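Student: I am new to this structure and would like a close look at a single part, the fold of the chain. Could you walk me through how the chain is built up and how its residues pack together?

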Amino acid sequence: YAKGAERERQLVKLLREDSWVATRTAGSHGAADVFALKRGRRPRLLQLKAGGRNWPARGDRARLSVDAARADADAFVVFWEPRKPPEFLSEAEWPR
């Protein structure tokens, strides 16, 4: 948990440096780990995977997708492996 929470804080910092308004959803037990807003851009709901390339379970991805649709937002899974930059994958790039 601690490693994931630290990566979430790092992701929020990275997004803020790119002029996004971003916040963690710590403790919410929701589908998204981070919400991000930016003028002129669609809102984003992001689920972060900090340890490796293991995709979230199909049900978790579906929940993230439904939540994003309800908020008129885009859903992303973000893989952030050690010593690599984060990789943002939109729904179109998710496995079916």
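This is a predicted model: local features need pLDDT of at least 70, side-chain atom pairs count only at pLDDT 80 or more; totals for chains, interfaces and linings use all residues.

Tutor: Happy to! The secondary structure of this chain consists of 2 helices and 5 strands. Read from the N terminus, these elements follow one another in the order α-β-β-β-α-β-β. The chain has a radius of gyration of 12 Å, close to the 12 Å that the globule rule gives for 96 residues, so it is as compact as a globular protein of that length.

The mean pLDDT over the chain is 93, and 98% of the residues score at least 70. Among the elements, helix α1 (residues 2–17) has the lowest mean pLDDT, 91, while strand β2 (residues 34–37) has the highest, 98.

Now let us turn to the packing. Of the 96 residues in the chain, 38% are buried. If you take the contacts between residues at least 6 apart in sequence, 46% of them join residues at least 24 apart.

As for charged side chains, 20 are positive and 13 are negative. The centres of these two sets lie 2 Å apart.

How values were computed
Residues are numbered from 1 along each chain as its sequence is written. Side-chain values use heavy atoms; hydrogens and water are left out. pLDDT is the predictor's confidence in each residue, from 0 to 100. Helices (H or I, at least four residues) and strands (E, at least two) are DSSP runs, numbered from the N terminus. The radius of gyration is taken over C-alpha atoms; the globule rule is 2.2 Å times the number of residues to the power 0.38. Buried means under 20% relative accessible area, exposed over 50%, partly exposed in between (1.4 Å probe, protein chains only). Contact means heavy atoms within 4.5 Å. Lys and Arg count as positive and Asp and Glu as negative; His and the chain ends are not counted. The place of a charge is taken as NZ of Lys, CZ of Arg, CG of Asp or CD of Glu.
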